[in-house]
Amino acid sequence: MAIVDIALICESGHVINAYSSRIKELNVNYCKDCGKKAISQCPKCHSPIPGGLVTSEPAFLHELIKQGSEYTVPNFCSSCGTAFPWKPERERALEDVINELANLSPEEKAKLTKAIPDILIKTARTPTASMHFKKAMKTIGSEGGKVLRQVILEVAPEVVKDMLGLKV
Ligand SMILES: [Zn+2]
Ligand SMILES: [Zn+2]
């Protein structure tokens, strides 16, 4: 039977350890990439943050580490529904890059900004949101497109990256 481990994630949303209860060696107090605090439970209800899946016990470390690289950071606590601290940070990151983009009209920027929630989380509106972003990527040229792509790769779940054709 598959078991879910506990994830250790920094407040900006960097995955520190998708298997914090099994690979204790990787656990730290602060993120090495941004210096923010690392958390493994919901700040509101203290439920553990669901981590990577363990499909067999005893689990082999190298397998877990490999699987951990595919772990997708959740945006909300599945026990109490509160947004994790990185969700507003991710929204802001996308908002900032959209505002910086040249060659986009204010209307197009507004449309993209409105579509941000559907890029961060897969919803029924995600295909439409992806279409807006794809169109914008054509308009903004390669330099802006590169930056936008980088931010999306940081913040969007795998399934959305797929829709945007960004999966590596
Ligand atoms: Zn971090
Ligand atoms: Zn919670």
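Tutor: Residues are numbered from 1 along each chain as its sequence is written, and chains are lettered from A and ligands numbered from 1 in the order in which they are written. Local features of this predicted model need pLDDT of at least 70, side-chain atom pairs count only at pLDDT 80 or more, and totals for chains, interfaces and linings use all residues.

Student: How do you know what confidence the predictor has in the protein?

Tutor: From pLDDT, the predictor's confidence in each residue, from 0 to 100. Its mean over the protein is 92, and 99% of the residues reach 70 or more. Confidence is lowest in helix H1 (residues 61–68), with a mean of 86, and highest in strand E4 (residues 38–39), at 98.

Student: What makes up the secondary structure of the protein?

Tutor: Five helices and five strands, taken as DSSP runs (helices H or I, at least four residues; strands E, at least two) numbered from the N terminus.

Student: Why is the protein called as compact as a globular protein of that length?

Tutor: The globule rule is 2.2 Å times the number of residues to the power 0.38, and the radius of gyration is taken over C-alpha atoms. For 168 residues the rule gives 15 Å, and the radius of gyration is 17 Å, close to that value, so the description applies.

Student: Why are H3 and H4 called roughly perpendicular?

Tutor: Angles of 65 to 115 degrees count as roughly perpendicular, under 35 as roughly parallel, over 145 as roughly antiparallel and the rest as oblique. H3 (residues 106–120) and H4 (residues 126–155) pack at about 105 degrees, with their axes 9 Å apart. They are therefore roughly perpendicular to each other.

Terms used:
Axes fitted to C-alpha atoms, helices over the stretch in contact; angles between N-to-C directions.
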